[in-house]
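Q: Could you take me through this model one feature at a time, giving the general idea and then the case at hand?

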Amino acid sequence: MTDLLSGREYAARLRERTAAEAARLAASGTPPRLAVVTATADESSAWYVRSIARAAEKCGIHCDIADLGPRATPADIGARLAGLSADHATHGIILQTPLPPGASAQELAAEIAVAKDVDGANPLSLGRLAAGLPAFAPATAEAVVAVLDAHGIEVAGRRVAVVGRSTVVGKPAALLLLDRDATVTVAHSRTQDLAALTGAADIVVAAAGCPGLITADHIRPGAILVDVGTNPTPDGGLTGDIDAASVDGRAAALTPVPGGVGPVTTALLLQHTVRAAAEANGAA
Ligand code: NAD
């Protein structure tokens, strides 16, 4: 039997600690405040933003949704991000994707002050992460390591294959794992013989956005699998990049979708916001 590595319990513990810290900060005059800037009519994106806002409010973090609408120009979005970066009452800023055609998430995220960049979207944050300097990591990438830690899975010295090289997930996850002394290889859409690469790994992190990409043929017996994929299903649900039925019994452990990396990602975004507020409070 393959163990399921749930993220829900760890996320709940993290939210509890975050709520306690948010209450302490509010009492000392710095109520934590998160802003989510969105510029799309995409319904799944709106659903995700509402779920972040609900989770934030439950932790005592005020969440402002700046909905600029699908016709917002890059200049509108950049100006709003710059305004929030300069606003002393705002501690965390998230730029939600997708953006309107012609708007580059990476270029616009450069407008987010690094100290408020709670989802590690500013290219400077990624550069700092690569250089081993303090910065917020993209929450999903950090969630990959956190979910392994939460289940006592050691990564140091182990071979980890990360499937996907995006700047939001694959690349920063590889950097964080490298920082924890894993031996990391990164696969992508041009990788030849993916199965040989993932089959040599002790831990496989799937972040390709391809439903069911990783099957029993891609892994060695006893492998640990972290599924970052969140692919919509026709019935309105979510499915991962790993074919859970196929790997069952061959993998030692697998993070479920939903309920694995996802809840930890949201909990980390809130924890980052409270950390940013604590630093602002300390500096005030
Ligand atoms: P992306 O499309 O930006 O990047 C996908 C990466 O996968 C690319 O580097 C591409 O080269 C690689 N890839 C694509 N097909 C491949 C294949 N057949 N073999 C090997 N590599 C392949 O996507 P992203 O933003 O990095 O997201 C990846 C997945 O993670 C998506 O399913 C997304 O929905 C999910 N995601 C989940 C969370 C969460 O909180 N759980 C957060 C962000 C993204």
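Q: Is Ser166 buried, exposed or partly exposed, and why?

A: Burial is judged by counting neighbours: a residue is buried if 20 or more other C-beta atoms lie within 10 Å of its own, exposed if 12 or fewer, and partly exposed in between, with C-beta atoms placed from the backbone. Ser166 has 17 other C-beta atoms within 10 Å, and it is therefore partly exposed. Before going on, note that this is a predicted model, in which local features need pLDDT of at least 70 and side-chain atom pairs count only at pLDDT 80 or more, while totals for chains, interfaces and linings use all residues. Residues are numbered from 1 along each chain as its sequence is written.

Q: Where does Ser166 lie, and which residues does the record place with Ser166 in a binding site?

A: Helices (H or I, at least four residues) and strands (E, at least two) are DSSP runs, numbered from the N terminus. Ser166 is in the loop between E5 and H7, and Arg165 lies in the loop between strand E5 (159-163) and helix H7 (170-179). UniProt, in an unreviewed entry, places the feature "binding site" at Gly164, Arg165, Ser166 and Thr230; its positions are given in the numbering used here, feature names are shortened, and annotations may be inferred rather than shown by experiment.

Q: What does Arg165 touch?

A: Two residues are in contact if their C-beta atoms, placed from the backbone, lie within 7 Å. Not counting residues up to four places away in sequence, Arg165 touches Gly170, Lys171, Val186 and His188. Arg165 is itself partly exposed, because 18 other C-beta atoms lie within 10 Å.

Q: Which residues come nearest to the ligand, and how does its shell divide by residue type?

A: A residue is near a molecule or strand if its C-beta atom, placed from the backbone, lies within 6 Å of it. Of the 25 residues around the ligand, the nearest are Gly164, Ser166, His188, Ser189 and Gly209. For the types, Ala, Val, Leu, Ile, Met, Phe, Trp, Tyr, Cys and Pro count as nonpolar, Asp, Glu, Lys and Arg as charged, and the others, Gly among them, as polar. On that scheme the shell comprises 11 nonpolar, 13 polar and 1 charged residues, and helix H10 (residues 261-283) supplies the largest share, 3 residues.

Q: Is Leu269 buried or exposed, and which residues is it in contact with?

A: Leu269, which is in helix H10, counts as buried because it has 26 C-beta neighbours inside 10 Å. Leaving aside neighbours within four places in sequence, Leu269 is in contact with Ile52, Ile94, Val118, Asp119 and Ala139. The C-alpha atoms of Leu269 and Lys171, 98 residues apart along the chain, are separated by 18 Å.

Q: How many helices and strands does the chain have, and how compact is it?

A: The chain has 10 helices and 11 strands. Its radius of gyration (taken over C-alpha atoms) is 19 Å, close to the 19 Å that the globule rule (2.2 Å times the number of residues to the power 0.38) gives for 284 residues, so the chain is as compact as a globular protein of that length. Of the 284 residues, 47% count as buried.

Q: What domains is the chain divided into, and how far apart do their centres lie?

A: Domain bounds come from an automatic or database domain assignment. The chain is divided into domain 1 (29-113) and domain 2 (139-262), whose C-alpha centres lie 28 Å apart.
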